Amino acid sequence: MSWGTELWDQFDNLEKHTQWGIDTLEKCIKFVKERTEIELSYAKQLRNLSKKYQPKKNSKEEEEYKYTSCKAFISTLNEMNDYAGQHEVISENMASQIIVDLARYVQELKQERKSNFHDGRKAQQHIETCWKQLESSKRRFERDCKEADRAQQYFEKMDADINVTKADVEKARQQAQIRHQMAEDSKADYSSILQKFNHEQHEYYHTHIPNIFQKIQEMEERRIVRIGESMKTYAEVDRQVIPIIGKCLDGIVKAAESIDQKNDSQLVIEAYKSGFEPPGDIEFEDYTQPMKRTVSDNSLSNSRGEGKPDLKFGGKSKGKLWPFIKKNKVLMGATPEDFSNLPPEQRRKKLQQKVDELSKEIQKEMDQRDAITKMKDVYLKNPQMGDPASLDHKLAEVSQNIEKLRLETQKFEAWLAEVEGRLPARSEQARRQSGLYDSQNPPTVNNCAQDRESSPDGSYTEEQSQESEVKVLATDFDDEFDDEEPLPAIGTCKALYTFEGQNEGTISVVEGETLYVIEEDKGDGWTRIRRNEDEEGYVPTSYVEVCLDKNAKGAKTYI
């Protein structure tokens, strides 16, 4: 099977076919090029998508990614970023291994095709020239033969005519001989050219054209093979990244399997635990016997007032509730420096975090001070490098910053020590007392008034905030009327530990001191007590041993 023998007369069709083959190859190049652009665009979109959902640094969102499910999500985003990188690899390999090679091969193919068809056209022109020579020789031979016949006929006519002179006859005879000689010469020339043409034609159709067409056939077959190889490379480029893409997907699966719902639940506890004890049961108040209840309250007040001066104080002492009411409002406003608006456990965590941050800043400043000191030593040893005195101001500034940070750290450490002292879990004796309290049925207490309500997580409800605002107004009103009766004592308490009441609304107590209880713990971890007529305030419930009056409780309770 050869184009030279089978398609010897299809020069123009072969020219069109080979041009179509080059166009097809260029179409394949364009296809792969568009595929690389798609891969790059897809990789870019994947990277942008991964970046879009990455947590922002130094934001609240970044703190939320401590949960295992969020960490798994971050791992998925990182794996998708690597996944996008593999698509970039696909684009790069296709561009270098297919597009560049095929583009160079197309140029070589065009040059080869141009050369082959140029040789073919040259052979065509040569055979056409030989054909024209043959036709010209043939027409000349034909013309000379006709001229010789006419000359012969004219001679015979002149020779038969008796009126023609002998000279004219001789002249006609010579002319006929000349024409015959010319015809013979044309015949010989035509015969020679014909033989030459037949030889050239045989060479053209059996040697030149088959060789040229064979080269074109080989060129076309190489083009077809090259397309097949490019298709294989196209598939191999994809296949090479499949293992890495599989690792990316395995990483996503591994991240998903690392999710620990129990651990996340524990993190929620650590994030939102208030440290408060749940509120106890509220005693039923029988309003159907108001007179009896009034007598009971009066007898309680009278029994405590026997042998003691009348405990009266102005409305300003009652107004000591306002710091805690203000605390509730702070929850919706600016955060105090000591985080006193937070529940104990959350406050401890915030203070500890602040202490850690300050420690890091101190270490950073100390490192900077050491670096400046070393640089100063270098300047002292090599004055040409710099003036040592120029660093004194910077060194003093850094030392001052360290001192400020240390003072700040001491302040927060003091607050942290105070909070850790208030937490029941920090005191072994308080922990034992808390266990004793939990082992008993929590007795009910006849509260003087439900001044505020607390939700199970220790945070104040909206209803409480409204009641607190009413209390503030009531306190301002009480400041104008100092003749109102103070809250009656409902029991006594003994201080288990010394407590320094530094915040407004609290009261300092000494270990072993006995005081009056005027308001029981409402579930926020604080008990309101009174020392004398002018001194009352709140102390941590875990710092005192409360003994409620038998008339009010009928039993002794340890808190």
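## Helix α10 and its buried residues

Let's start with the covered side of helix α10: its buried residues (buried means under 20% relative accessible area, exposed over 50%, and partly exposed in between, with a 1.4 Å probe and protein chains only) are Glu345, Gln346, Arg347, Arg348, Leu351, Val355, Leu358, Ile362, Glu365, Ile372 and Tyr379. The helix itself covers residues 344-381, which makes 38 residues. From its first C-alpha to its last it reaches 55 Å, close to the 56 Å expected at 1.5 Å a residue. That expected span is 1.5 Å times one less than the number of residues. As for the names, helices (H or I, at least four residues) and strands (E, at least two) are DSSP runs, numbered from the N terminus.

Before going on, keep in mind that this is a predicted model, where local features need pLDDT of at least 70, side-chain atom pairs count only at pLDDT 80 or more, and totals for chains, interfaces and linings use all residues. Residues are numbered from 1 along each chain as its sequence is written, and side-chain values use heavy atoms, with hydrogens and water left out.

## Asn93 in helix α4

Now hop over to helix α4 (residues 68-160), where you'll find Asn93. Asn93 counts as buried because its relative accessibility is 18%. What does Asn93 touch, leaving aside its neighbours within four places in sequence? Its contacts (heavy atoms within 4.5 Å) are Ile98, Val237 and Gln240.

## Salt bridges in the helices

The structure holds 21 salt bridges. A salt bridge here is a side-chain nitrogen of Lys or Arg within 4 Å of a carboxyl oxygen of Asp or Glu. One of them pairs Arg121 with Glu15, with the closest N and O atoms 2.0 Å apart. This pair ties together distant parts of the chain: Arg121 is in helix α4 and Glu15 is in helix α2 (residues 11-52), 106 residues apart. Arg121 counts as partly exposed because its relative accessibility is 33%.

Arg173 and Glu170 make another salt bridge, at 1.9 Å from N to O. Here both partners sit in helix α5 (residues 166-257), three residues apart, or about one turn of the helix. Arg173 is partly exposed, with a relative accessible area of 27%, and Glu170 is partly exposed too, at 31%.

Glu513 and Arg531 form a salt bridge whose closest N and O atoms are 2.6 Å apart. Glu513 counts as partly exposed at 21% relative accessibility, and Arg531 is partly exposed with a relative accessible area of 25%.

How do β3 and β4 run relative to each other, parallel or antiparallel? They run antiparallel, joined by five bridges, and a hairpin of five residues connects them. Strands count as paired if DSSP finds at least two bridges between them. β2 and β3 also pair in the antiparallel sense, over three bridges. Their hairpin has six residues between the strands, and there Gly523 takes a positive phi near 105°.

In a regular strand the side chains alternate between the two faces of the sheet. In β3, Trp526, Arg528 and Arg530 are on one side and Thr527 and Ile529 on the other, all of them buried. Five of the five residues of β3 are buried, so the strand is largely enclosed by the rest of the structure. β4 is mostly covered too, with five of its five residues buried: Glu536, Tyr538 and Pro540 on one side, Gly537 and Val539 on the other.

Some charged residues stand across from each other here. Arg530 is opposite Glu536 in β4, and Glu519 is opposite Arg528 in β3. Glu519, Arg528, Arg530 and Glu536 are linked in a network of salt bridges.

## A nonpolar patch on the surface

Last stop: Leu49, Tyr53 and Phe73 form a nonpolar patch on the surface, with about 280 Å² of accessible area together. Patches are made of residues with over 30% relative accessible area and no salt bridge; like charges are joined within 9 Å, and nonpolar side chains (Val, Leu, Ile, Met, Phe, Trp, Tyr) within 5 Å. The accessible areas come from the Shrake-Rupley method with a 1.4 Å probe, and for residues only the protein chains shown count as cover. Tyr53 lies in the loop between α2 and α3 (60-63) and is partly exposed, with a relative accessible area of 40%.
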